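Student: Hey, could you walk me through this model? I'd like to ask things as they come up.

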Amino acid sequence: MSKAVFEAIDICKSFDERKILKDVTFSLHKSEIMAIVGKSGCGKTTLLRILANLELPDSGELLFDGQPQKNPTPNIIFIQQDYNQLLPWKSVINNVAYPAIATKKYSKEDAFRRAKELLEKMDLAEFVDYYPRELSGGMKQRVAIARALIMEPKILLLDEPFGAVDRESREKVYGIIKKLCNEYGTAVLLVTHNLQEAKNVAKKIIYFEANTVKIITSAEFNKIIGV
Amino acid sequence: MKARQRKQNKNKLVTFLKRLAPFLVIIALWECASRLGWVPKFILPSLSTITGTLFRELFTGTLFFNLIRSLLILIAGLAIDLVVSLIIILACIKFQSFKYFYKTVATMMNSIPSMALLPLIIMWFGIGDSAIIALVTHSVVWTFTIYILDGINSLPKIYQEFADNINLDLKSRIKDIYIPALLPNITAGLKVVWGRAWRSLIGAEVAFGAIGAAGGLGYYININRYNGDMAKVFSGIIIIAAVGLIVDLAVFSNIEKKMKKWGTLHE
């Protein structure tokens, strides 16, 4: 197997004496999709926030391309659960193009061309001039994914992005994400409540159970969920 | 579809007429009171007289120059105040202990009406433009900075995290994230302080006019009261109100319309 692009080593986190994460260790490889499943409040989102460097662990280390990663980076993009993460004062296309323009990843012209392409892939071509408030929750999340993908991140962290989206749209977007992961080599870490979805999308699963975290294959996961 | 459109237009017209009705009643009563001698013309000139005086004074009299003078002082005062406010806000962001200290002082000072400070301001600054600017500053800085600091406290964390995640530089953060996100607070703050500043300025001009200083709309009203020309007094008052309305429509309404479109300001 190729060298891990990202490694989490012995990550621990407590809130008010309550241990949320205990020695979480795993690695992610190029184009790999991994799911995180577990009950509400078990620490799935906390883990993603730590991986995105938006929160500090109590102990442990994160390695990106073999180097310690201690600050947020556009190589690791975090898409939050909140439907209102888009900038409401920017139209859909401006939201998507903005990170690439502001960080000078692309020229303005290229960023808009790329944003348009991504929105077309997300089935949002006719909504480019809309404002986020005019979109449904699922559409907003698709825009957020397009906004993340324009940065061509090495790691994409998705925190239950499609909680209220219908199955058909969800599968379609996962198809797009898989395709883009292969195209750019992006690895994905996905938090989901939907066990079936976790099994279908990911080959490996981080399974939170009774304060312990196991890294299992989807075949092993089938046994746990009794399929 | 057309019938629905017609019904909507009819509803709009009815709403408009309902809003217009009180004004029409006031105008009619005013005109009757003046023309039929219910109130002496010296106290309440007819609206037609006031309108005539207003236009004559605006285009050929001193009203226009006094208006421009008041507006220039207001603009100068507001410009100084915005710079002062910005420095205070940056200091509060940088030094938490200063923020707590400043918020206590600002809350205390904010409750003192400008006119209560007038005797002190006259002692310190005399009765010139600098005294008026000092009064405007008192009306603006405390309130505006409180609005903005409260806005910064309630800035959604999710925007901040997005900016962190893509390593956005400070200039882009301020221009593209913080200012648009704070726009509801900035607009609400400006709307309040602009009105307060305008009232303080006119009040100071009236007061200073009474003790010898010349110039501005407040002075214009005061000097015409001395001369017993109530039509000019009313003309000055109408212009003061008109400036408020024009600023609201030209500046704040447009910004508010944009914010409603974005969903950052609710109907």
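Student: Okay, which residues are buried in α2(A)?

Tutor: In α2(A), the buried residues are Val92(A), Ile93(A), Asn95(A), Val96(A), Ala97(A), Tyr98(A), Pro99(A), Ala100(A), Ile101(A) and Ala102(A). Buried means that 20 or more other C-beta atoms lie within 10 Å of the residue's own, with exposed being 12 or fewer and partly exposed in between; C-beta atoms are placed from the backbone. The helix covers residues 92–102 of chain A and is mostly covered, with 10 of its 11 residues buried.

Student: And how do the numbers and letters work?

Tutor: Residues count from 1 along each chain as its sequence is written, while chains are lettered from A and ligands numbered from 1 in the order in which they are written. This is a predicted model, where local features need pLDDT of at least 70, side-chain atom pairs count only at pLDDT 80 or more, and totals for chains, interfaces and linings use all residues.

Student: What comes just after α2(A)?

Tutor: Lys104(A), which takes a positive phi of about 60 degrees.

Student: How many helices and strands does chain A have?

Tutor: Chain A has 7 helices and 10 strands. Helices (H or I, at least four residues) and strands (E, at least two) are DSSP runs, numbered from the N terminus.

Student: Which strands make the open sheet?

Tutor: The order is β2-β1-β4-β5 in chain A, with antiparallel pairing. Two strands pair if DSSP finds at least two bridges between them. β2 (18–28) and β5 (67–68) of chain A are at the edges with a single partner strand each, so one side of each has no neighbour in the sheet. β4(A), residues 59–64, is joined to β5(A) by 2 bridges, and Leu63(A) stands opposite Pro68(A) there.

Student: What about β6(A), which way do its residues point?

Tutor: Ile76(A) and Phe78(A) point one way, Ile77(A) and Ile79(A) the other way, and all are buried. In a regular strand the side chains alternate between the two faces of the sheet. β6(A) runs parallel to β7(A), residues 155–159, with 4 bridges joining them. Ile77(A) sits opposite Leu156(A) in β7(A).

Student: Switching topic: which residues touch the most other members of the largest nonpolar core?

Tutor: Val96(A), Ala146(A), Leu157(A), Leu189(A) and Leu190(A), out of 121 residues in that core. A nonpolar core is a set of buried Ala, Val, Leu, Ile, Met, Phe, Trp, Tyr and Cys residues joined through C-beta atoms within 7 Å.

Student: What is Leu189(A) in contact with?

Tutor: Leaving aside neighbours within four places in sequence, Leu189(A) is in contact with Leu28(A), Met34(A), Ile36(A), Leu48(A), Leu51(A), Ile155(A) and Leu157(A). Contact means that the C-beta atoms of two residues, placed from the backbone, lie within 7 Å.

Student: Which domains does chain A have?

Tutor: The domain assignment gives domain 1 (1–75 + 154–227) and domain 2 (87–152); such bounds come from an automatic or database domain assignment. Their C-alpha centres lie 24 Å apart. The contact takes 12 residues from domain 1 of chain A and 12 residues from domain 2 of chain A.

Student: Last one: how many residues of chain B are in contact with chain A?

Tutor: 16 residues of chain B, and they are in contact with 20 residues of chain A. α7(B) gives the most to the side of chain B that touches chain A, with 6 residues.
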